[in-house]
Amino acid sequence: LSPPAATVDLSGLQLEGFEPNEEVILHSLVAKHELNNHIGIVCGERRSDNRYPIKVAKQVLSIKACNFHRHGVRVEVHSSSGVDRVCVKKLVCSAHNSECCDVCCLDFGITNHLLAIQRSRPKEPLCKAQIESTANSHFAKVPRAGSEDGEWSTRGLQDGPGVSMDAVQGLHDQGRRVVMCAALKVHSPSLVVAAAIAGMGCFGACANVVARGPEVVGYLETVLTLCAANKVQHACAPGHDVD
């Protein structure tokens with residue numbers, strides 16, 4: 001797993017429609033096509049030509065809003081005095097400040113519960129079996145929509161070629177389906193990307209029983225691993241236009 005992408009100090013800067021250090025996924029770039037499916041960080045205000053300064057691959061580029069997806073995830077943290085490490089408190093929908101958002105198709109209930117357990121026992125990381133047991137207990141309380149016989153299915157989200165669309169189809173908003181598919185293509189997910197996949201995966205799994213498989217558990221495990229290793233970094237400078 002790669003460490004979370006670097007963040008940018010934007011104290012006092014008002015970003016129209018964006019939060020400071022908000023991560024995005026780049027797509028449909030032509031001149032810099034090699035950056036498609038990479039993670040970028042919004043580090044300035046929108047220009048008159050509808051471009052934003054985006055930090056990606058150790059450079060800052062001016063990219064059109066139509067060339068990146070928003071995740072819709074806010075990571076709330078506790079800072080440790082005297083060091084650059086932070087403790088992740090919880091994940092919420094950045095647009096509606098809620099743990100479970102029907103509009104943005106995000107469910108962080110399981111993830112936040114697991115984070116609370118992990119904070120209470122920092123020297124004993126949760127194993128995959130414990131994460132799966134917690135997730136199963138959560139899903140057991142949710143009506144198994146789309147299941148005729150009530151049997152559990154292990155099909156679900158899969159990374160790489162041949163991605164199963166089970167959990168994606170559980171997202172009722174087409175725009176969020178697009179974001180989910182884009183996030184699944186990111187090779188080294190940051191904390192925010194992994195959280196978006198886990199949040200949308202859990203939301204989709206609640207709507208589609210066949211998505212409640214081990215792959216969702218895998219993304220929950222990724223979030224916990226990245227949270228345990230999270231660090232706050234910085235840096236941003238003027239960039240140039242990219243299409």
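**Aromatic pair, strands and burial**

Author: A search of the whole structure finds 1 aromatic pair. This is a predicted model, in which local features need pLDDT of at least 70 and side-chain atom pairs count only at pLDDT 80 or more, while totals for chains, interfaces and linings use all residues. Residues are numbered from 1 along each chain as its sequence is written, and side-chain values use heavy atoms, with hydrogens and water left out.

Reader: Which geometry do the rings of tyrosine 52 and phenylalanine 68 adopt?

Author: Rings of Phe, Tyr and Trp (its six-membered ring) pair if their centres lie within 6.5 Å; planes under 30 degrees apart count as stacked, over 60 as edge-to-face and the rest as tilted. The centres of tyrosine 52 and phenylalanine 68 are 5.8 Å apart and their planes stand at 80 degrees, so the pair is edge-to-face.

Reader: How many residues apart in sequence are the parts that the pair ties together?

Author: Helices (H or I, at least four residues) and strands (E, at least two) are DSSP runs, numbered from the N terminus. Tyrosine 52 belongs to strand β3 (residues 51-56) and phenylalanine 68 to strand β5 (residues 68-70), so the parts tied together are separated in sequence by 16 residues.

Reader: Is tyrosine 52 buried or exposed?

Author: Buried means under 20% relative accessible area, exposed over 50%, and partly exposed in between (1.4 Å probe, protein chains only). Phenylalanine 68, with a relative accessible area of 7%, is buried. Tyrosine 52 has 4% relative accessibility and therefore counts as buried.

Reader: In β2, which residue is the bridge partner of isoleucine 25?

Author: Two strands pair if DSSP finds at least two bridges between them. Strand β1 (residues 23-26) and β2 run antiparallel and are joined by 3 bridges. Within β2, isoleucine 25 has as its bridge partner isoleucine 39.

Reader: Which residue of β5 is the bridge partner of valine 24?

Author: β1 also pairs with β5, in the antiparallel sense and over 3 bridges. Both faces of β1 are covered, with Glu23 and Ile25 buried on one side and Val24 and Leu26 buried on the other. The partner of valine 24 in β5 is arginine 70.

Reader: What is the relative accessible area of serine 94?

Author: Serine 94 lies in the loop between β7 (86-93) and β8 (100-101). Not counting residues up to four places away in sequence, serine 94 touches Glu19, Gly72, Val73 and Arg74, where contact means heavy atoms within 4.5 Å. Serine 94 is buried, and its relative accessible area is 16%.
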